[in-house]
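Subject: Structure handover

Hello,

Here is the structure for you to look at. My notes on what was found in it follow below.

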Amino acid sequence: MATTIDASLRQEFARLREECLLCYQCGQCTSSCPNGGDLERGPRRIIRDVQAGEIEAVMSNEDLWRCSECGTCSDVCRMDVDVAAILKRLRALERQYGGQRCPEREAADIAAKRLGKYPRIDNLAFGMTMASKGHVPKDVVGAAGAFTRIVSQTVNARMKAGRAAPEGAPAAAAKPAGPARPFYAGCALPQDADAYRRTHAVAAAIGFNLAETEAAACCGHPSRGTVGSGFTADEPVLTACPACDASLEEAGVQTTPLWEALVDRARRDERPLKAAAESFVPYVGCLVDRERALASLADAAALSGARIELSYPALHAACCGALGGMYRGSSEGARRLLGFAAERRATVVTPCLLCRDNLRSAARRAHLSVPIHFWPEFFSAADAGSAAPTDGDAHD
Ligand code: SF4
Ligand code: SF4
């Protein structure tokens, strides 16, 4: 779709140009971007094109949609150019005036449309709408597996809802004593029954009584700023997803990553954790506070006796490809991280479900046999039974 350049778009660009004038093209924003290896031009060049009034070049630049809104570029800019906010406004202008339709933009628009009607993104409906627009997953095997899993979960849930518990069936696990802690489940976790169950199991074993509210649906992040969740809370909320964490913080809700809270509690109670393998490579994704997330995984390693394999922080916090990972293909960051893990024959552990799925796809496509686990698939309370990995975690 071509961009319609009219007087009001020129005016918007003139305003943006004012905000970019201090940029002296040092390139720090591009070199610190966790998406760096996958960008054609990068934030520095986009800012330069805005300075030069190159409207067409900016509006046809797919890098705008590969930005995962982590904010690192704004943090590192010595001239206080809020690069991430400028990119966000440029995406809004693209929505208004046309521009190109790359997989990431299509995904964000579909998510925005669905969130206008429903509280959560339904992965099946989302995937089918993407396919109807001509965007099919690059990892067909992974997509077929996810499709089968979601269908079988839905059928099982419906069957369970329609029948009474058989006589003698074990009672549901007792809730731990202590006050309920507000938990924002988001939209991805409830659609993965095994990860959801493990999350609640490890939290309960460490003494957390997670209380989900109906309002804790989708944080709005997949729609890239178009739709917020409207969620409010008076006390800090536990989150299991870095995107939820980032979106809620932006909306003024104080959050704490659940994994960090669990590690802190386990350490305070001197309760060891159990790890599913002797060593692991951490991968925290691009939306979290990198140092803090890596420190928490190092603490989990210490509590479990597992060895953490670290190289340099940027490798462990590259972008997995985010929403486009499935449709555009593996990111450079994911491939480099997997190569590092494969050399050490180590499992990868991530606190993000989307990162886990994108990394699994990247491993399958690269024919790398690297097990990739979501945090509660790898760590459990030492006295709470087995933390055996799920089927299909390693890829041939
Ligand atoms: S870091 Fe700031 S000054 Fe340097 S190129 Fe990026 S926007 Fe310009
Ligand atoms: S917000 Fe993050 S992903 Fe987006 S351009 Fe800046 S550093 Fe890159």
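Helices (H or I, at least four residues) and strands (E, at least two) are DSSP runs, numbered from the N terminus. Residues are numbered from 1 along each chain as its sequence is written, and chains are lettered from A and ligands numbered from 1 in the order in which they are written. This is a predicted model, in which local features need pLDDT of at least 70 and side-chain atom pairs count only at pLDDT 80 or more, while totals for chains, interfaces and linings use all residues.

Overall picture

The protein chain has 18 helices and ten strands. Its average pLDDT (the predictor's confidence in each residue, from 0 to 100) is 87, and 89% of the residues score at least 70. Over residues 165–172 the pLDDT falls below 50, and this stretch has zero contacts in the model beyond near neighbours in sequence. Two residues are in contact if their C-beta atoms, placed from the backbone, lie within 7 Å. Residues 386–396 also stay under 50 in pLDDT, but for them the model has 24 contacts beyond four places in sequence. Of the contacts in the protein chain with a separation of 6 or more, 73% are between residues 24 or more positions apart.

Of the 396 residues of the protein chain, 46% count as buried. A residue is buried if 20 or more other C-beta atoms lie within 10 Å of its own, exposed if 12 or fewer, and partly exposed in between, with C-beta atoms placed from the backbone.

The two ligands

Ligand 1 has 14 residues around it, and Cys23, Cys26, Gln28, Cys29 and Cys77 come nearest. The elements giving two or more residues to this shell are α2 (28–32) and α3 (42–51). A residue is counted as near if its C-beta atom, placed from the backbone, lies within 6 Å of the molecule. By type, the shell around ligand 1 holds ten nonpolar residues, three polar and one charged. Here Ala, Val, Leu, Ile, Met, Phe, Trp, Tyr, Cys and Pro count as nonpolar, Asp, Glu, Lys and Arg as charged, and the others, Gly among them, as polar.

Ligand 2 is surrounded by 14 residues, with Cys33, Cys67, Cys70, Cys73 and Ala84 the closest. Here α6 (72–76) and α7 (83–97) are the elements that give two or more residues. The largest share, three residues, comes from α7. The shell around ligand 2 divides into nine nonpolar residues, four polar and one charged.

Two loop residues have a positive phi without being glycine. Glutamine 25, with phi near 65°, lies in the loop between α1 (7–20) and α2. It counts as exposed because it has 12 C-beta neighbours inside 10 Å. Glutamate 69, with phi of about 65°, lies in the loop between α5 (63–66) and α6. Glutamate 69 has 19 other C-beta atoms within 10 Å, so it is partly exposed.

Helix α14 (residues 290–304) has 15 residues and should span 21 Å at 1.5 Å a residue, which agrees with the 21 Å between its end C-alpha atoms. The expected span is 1.5 Å times one less than the number of residues. Buried in α14 are Ala293, Ser296, Leu297, Ala300, Ala301, Leu303 and Ser304. Seen down the axis of α14, these residues fall within an arc of 165°, so they line one face of the helix. The arc is that of the directions from the helix axis to the C-beta atoms. Glu291 and Arg292 are exposed on the face of α14 turned away from the buried side. The buried residues of α14 pack against α13 (258–268), β5 (273–275), β6 (279–282), β7 (307–308), β8 (347–350) and β10 (379–381). Glycine 305, with a positive phi near 80°, follows α14.

Helix α16 (residues 332–344) reaches 19 Å from its first C-alpha to its last over 13 residues, close to the expected 18 Å. Its buried residues are Gly333, Ala334, Leu337, Leu338 and Ala341. They cover an arc of only 125° around the axis, which puts them on the same side of α16. Their packing partners are β6, β8 and α17 (353–365). Arginine 345, with a positive phi near 50°, follows α16.

Regards
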